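Welcome! Try each one before reading its solution.

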Amino acid sequence: MPYSPLPGFPSHLHAAAGRIRLACFDVDGTLTDGRLYYDREGNESKAYYVQDGLGLKLLQQHGIHPVLITARNSLSALKRGADLGIDTQIAVGDKLASVRLLCEQHGIGLDQVAFMGDDLPDLAPLCAVGLAVAPANAHPWIAERVHWQTRADGGRGAARELCDVLLAAQGHVDAVLARFGA
């Protein structure tokens with residue numbers, strides 16, 4: 001029997017995970033470790049975890065729309081989203097308004113949205129969606145308000161943990177493994 005992330009995921013949230021059609025991810029501190037690097041010219045760089053990227057692609061391939069939403073005007077986030085072929089929104093001042101617009105565009109309710117974030121700019125959408133998730137190293141004010149907190153830190157597999165839970169809750173694990181030769 002293949003590994004399942006569901007035993008480590010609260011059973012009372014399984015139904016919520018099964019309804020998710022839109023999965024929104026903050027970037028800095030969620031898809032990255034939150035550190036920003038600047039070179040002498042002021043160019044910014046950050047590292048993205050490759051397993052998180054595959055998880056986002058797997059969601060997309062199984063009918064869950066992933067979106068990156070960041071408050072920063074981040075060219076690296078745009079590049080990462082383009083590399084993955086997923087929607088990316090940068091310089092977003094009101095993340096909840098952005099999520100609501102996405103819901104309208106996809107014809108779904110907030111209860112069909114998962115949002116993962118780690119700090120105060122993520123609070124409003126986290127408080128409004130059907131499945132609110134934070135990485136293990138989220139700020140305490142966020143951690144105490146989400147439905148679930150991953151074991152992994154942001155930028156170190158937290159997003160993949162959520163992706164795996166959503167895929168498992170919606171019965172896609174066998175198809176995922178078969179695609180890769182299992």
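**Exercise 1.** What percentage of the 182 residues in the protein is buried?

*Solution.* Start with what you are looking at: this is a predicted model. Next, recall the cut-off, under which a residue is buried when its relative accessible area is under 20%. By that rule, buried residues make up 47% of the 182 residues.

**Exercise 2.** Work out why the radius of gyration agrees with a compact globule.

*Solution.* Begin with the chain length of 182 residues, for which a compact globule would have a radius of gyration near 16 Å. The protein has 15 Å, so the two agree. For the outline, the C-alpha atoms fill a box of roughly 50 × 35 × 30 Å along the principal axes. Inside it, you can look for 8 helices and 8 strands. Finally, consider the contacts with a separation of 6 or more: 57% of them join residues 24 or more positions apart.

**Exercise 3.** Find the residues that line the largest cavity.

*Solution.* First, the structure holds 1 cavity of 30 Å³ or more, and the largest cavity has a volume of about 30 Å³. Its lining consists of L31, Y48, Y49, D52, G53, L56, R80 and L84. Sort these by type, and you get 5 nonpolar, 1 polar and 2 charged residues. Then sort by element: helix 2 (50-61) and helix 3 (75-84) each supply at least two, with the largest share, 3 residues, coming from helix 2.

Notes:
Residues numbered from 1 in each chain as written. Predicted model: local features only at pLDDT ≥ 70, side-chain atom pairs only at ≥ 80, totals over all residues. Heavy atoms only, no water. 1 Å grid on protein atoms, 1.4 Å probe; cavity = no way out; pocket = protein on both sides within 12 Å on 5 of 7 lines; lining within 4 Å. Points joined across faces, edges and corners; volume = space filled by probe spheres on them. Helix = DSSP H or I, 4+ residues; strand = E, 2+ residues; numbered from the N terminus. Nonpolar A, V, L, I, M, F, W, Y, C, P; charged D, E, K, R; others polar. Rg over C-alpha atoms; globule rule 2.2 N^0.38 Å. Buried < 20%, exposed > 50% of the residue type's maximum accessible area, 1.4 Å probe, protein only. Contact = heavy atoms within 4.5 Å.
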